Amino acid sequence: MAGVVRRIISSAKAPAAIGPYSQAVVVGDTMYISGQIGMDPASGDLVSGGVVPEAEQALKNMGSILEAANIDYSHVVKATVLLADINDFAAVNDVYKKYFPANPPARAAFQVAALPKNGRVEIEAIAIANQIVERS
């Protein structure tokens, strides 16, 4: 019986998991990227300055994980943004749109009670780990 290939993706350029989970898992052509917070991979601390630099770092961390799978932001098809304060929605959007300038992925955003390390934002994503052909 043939099965579906499952592989773990990790990048030393992104923070190590702070729990029993992988940075990302690819099953078939679908990549599931664990939530990324604004953690500096070198220090393990949140970047300072609030939600904007945290969102920037979270998306950089995601980019490192995408790169480890030989893909980029254009392969992301769904993202979920978790916010400590929904009033940060517009500020995070301003950062987010720099990483997804054209044909952005589907997305949901929620305010949550708390995030790891008292972060202000966490972003998880689903990407396609294969060539994508755009059609309208």
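Analyst: A salt bridge is taken here as a side-chain nitrogen of Lys or Arg within 4 Å of a carboxyl oxygen of Asp or Glu. By this rule, the count comes to four salt bridges. The model is a predicted one, in which local features need pLDDT of at least 70 and side-chain atom pairs count only at pLDDT 80 or more, while totals for chains, interfaces and linings use all residues. Residues are numbered from 1 along each chain as its sequence is written, and side-chain values use heavy atoms, with hydrogens and water left out.

The setting comes first. Helices (H or I, at least four residues) and strands (E, at least two) are DSSP runs, numbered from the N terminus, and two strands pair if DSSP finds at least two bridges between them.

One of the salt bridges joins Lys98 to Glu56, with the closest N and O atoms 3.1 Å apart. This pair links distant parts of the chain, as Lys98 belongs to helix α2 and Glu56 to helix α1, 42 residues apart. For exposure, buried means under 20% relative accessible area, exposed over 50%, and partly exposed in between (1.4 Å probe, protein chains only). Lys98 is exposed, at 55%, whereas Glu56 counts as buried, at 18%.

Another salt bridge is formed by Arg120 and Asp88, whose closest N and O atoms are 3.2 Å apart. Here too distant parts of the chain are linked: Arg120 is in the loop between β5 and β6, and Asp88 in the loop between β4 and α2, 32 residues apart. Arg120 counts as partly exposed because its relative accessibility is 30%, while Asp88 is buried at 15%.

Lys97 forms a salt bridge with Asp94, the closest N and O atoms being 3.5 Å apart. Both residues lie in helix α2, three residues apart, or about one turn of the helix. Asp94 is partly exposed, with a relative accessible area of 45%.
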